[in-house]
Amino acid sequence: MGYNTKNYTEQGGEKTVIGGILEVKEGGSLEIKEGALLKGFPIASNQANSTAATVNDLKDNFNDLLAKLKDAGFMEFDTWNLSVAKAPITTEGEPITENQIKVTAVTIADGIISVTVDVEELVEFDSSNPAQGIHKWIGILISTGLSDITKIKYNDYQLTQDDVLESATVGGTDGDIIMWLKCDEIVETPKLFTLWSSGYEKTEFMVEIVAPAGE
């Protein structure tokens with residue numbers, strides 16, 4: 001029976017191929033001499049020399065550098081630290097306001113956003129975007145912990161200033177994303193979405209509908 005080794009030397013010793021694992025034991029070392037050519041190693045994208053005139057600008061430059069090091073794999077990613085809340089929509093006479101009142105809690109734990117509401121009590125109405133259709137809509141605010149959501153990709157879509165303005169119209173502040181939920185669908189199939197930003201690993205979250213206690 002033949003055997004193909006994963007690690008071997010060829011070309012008269014000019015080339016060593018590691019197809020398995022190269023393990024350096026405790027006390028050992030891997031020394032790379034000056035002038036050695038390294039191929040295939042991650043390289044962080046260029047960070048221009050800082051021309052900051054204020055401490056805040058210098059801080060921003062430094063944070064940009066840290067994000068590039070994280071994206072290149074030289075440093076562990078930041079971890080998303082989200083907080084959530086019911087959007088404070090109080091416009092009288094609007095069906096969305098009626099639905100918001102019936103939401104009793106919005107919480108997040110271990111990447112799962114739980115919205116407590118009796119879906120049967122919600123009213124259906126048409127979205128302002130006709131393509132979204134008629135559903136039992138509610139709105140929640142997701143606070144990302146970042147000061148600028150235009151640096152975030154939501155489901156691989158780059159958020160824009162329009163998203164910032166939309167969040168602000170329903171009580172959101174800097175760093176908040178407004179998420180409109182089709183509760184009549186989510187109660188059957190939880191909603192999945194991803195967030196990514198430079199320095200942060202792409203992470204999946206889930207939104208579920210939870211019935212109020214006693215129902």
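User: In this predicted model, is S114 buried or exposed?

Analyst: S114 has its place in strand β5. A residue counts as buried when its relative accessible area is under 20%. The value for S114 is 13%, so S114 is buried.

User: Which side chain makes a polar contact with the side chain of S114?

Analyst: Leaving out residues up to four places away in sequence, S114 touches A105, V106, T107, E208 and V210. Among these, one side chain makes a polar contact with the side chain of S114, at 2.6 Å. That side chain belongs to E208.

User: Which element gives the largest share of the largest nonpolar core?

Analyst: The largest nonpolar core has 29 residues, and I113 is among those with the most contacts inside it. Elements that give two or more residues to this core include β5 (112–116), β12 (191–197) and β13 (200–210). The largest share is four residues, and the element that gives it is β13.

User: How many residues does the second, separate core have?

Analyst: In soluble globular proteins, nonpolar side chains tend to be buried together. The second core is separate and includes A87, I89, I96 and F125. Its number of residues is eight.

User: Which strands stand at the edges of the open sheet of six strands?

Analyst: The order in this sheet is β4-β5-β13-β12-β9-β10, with mixed pairing. A strand at an edge has a single partner strand, so one side of it is left without a neighbour in the sheet. The strands at the edges are β4 (105–109) and β10 (157–158).

Conventions: Residues are numbered from 1 along each chain as its sequence is written. This is a predicted model: local features need pLDDT of at least 70, side-chain atom pairs count only at pLDDT 80 or more; totals for chains, interfaces and linings use all residues. Side-chain values use heavy atoms; hydrogens and water are left out. A nonpolar core is a set of buried Ala, Val, Leu, Ile, Met, Phe, Trp, Tyr and Cys residues joined through side-chain atoms within 4.5 Å. Buried means under 20% relative accessible area, exposed over 50%, partly exposed in between (1.4 Å probe, protein chains only). A polar contact is a pair of N or O atoms within 3.5 Å; within protein, one must be able to donate a hydrogen and the other to accept it, and residues adjacent in sequence count only if both atoms are side-chain atoms. Contact means heavy atoms within 4.5 Å. Two strands pair if DSSP finds at least two bridges between them.
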